[in-house]
Amino acid sequence: MSTVTVPQLKDYLHLIHDSDDTRIQALINAAESYVLAFVRHDSLELDESDIDAPSVPDAVTHAVKMIVEARGYADPDTAQTIMAAAEALLTPWIKGFACA
């Protein structure tokens, strides 16, 4: 289940060409796997405020975009800062943490 589509990610990164679409999808998949491991959940549908239709929190979706940017498009120094910010967005959703 992709929380972010290739077109959404391209819009976030301000990319207009299609030559990286396969690479972008692979980066999205890797970012989502990273997020699942980080928050220690089996699904990114972490917002259970509507028990009948759990959803992916906006913070988690944004963190996926940031991780793709850090791992695929940022220089090493900037990537480290972006990853720290993404992890800060994800921290409240870690299983066993306050709101997870």
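The largest nonpolar core of the predicted model contains 27 residues, of which Leu9, Ile28, Val35, Val60, Ile67 and Leu90 touch the most other members. Such a core is a set of buried Ala, Val, Leu, Ile, Met, Phe, Trp, Tyr and Cys residues joined through side-chain atoms within 4.5 Å, where buried means under 20% relative accessible area with a 1.4 Å probe, protein chains only. Two or more residues each come from α1 (6-13), α2, α3 (58-72) and α4; helices are DSSP runs of H or I with at least four residues, numbered from the N terminus. The most is given by α3, with seven residues. Residues are numbered from 1 along each chain, and side-chain values use heavy atoms, without hydrogens and water. Local features need pLDDT of at least 70, side-chain atom pairs count only at pLDDT 80 or more, and totals for chains, interfaces and linings use all residues.

Isoleucine 67 is in contact (heavy atoms within 4.5 Å) with Ala31, Tyr34, Val35, Met83, Ala86 and Leu90, leaving aside neighbours within four places in sequence. Lysine 65 lies in helix α3 and counts as buried because its relative accessibility is 18%. Residues up to four places away in sequence not counted, lysine 65 touches Val4, Leu9 and Tyr12.

Helices α2 (residues 21-39) and α4 (residues 76-90) pack at about 50°, with axes 11 Å apart. Tyr34, Val35, Phe38 and Val39 in α2 meet Met83, Glu87 and Leu90 in α4.

Notes. Axes fitted to C-alpha atoms, helices over the stretch in contact; angles between N-to-C directions. Buried < 20%, exposed > 50% of the residue type's maximum accessible area, 1.4 Å probe, protein only.
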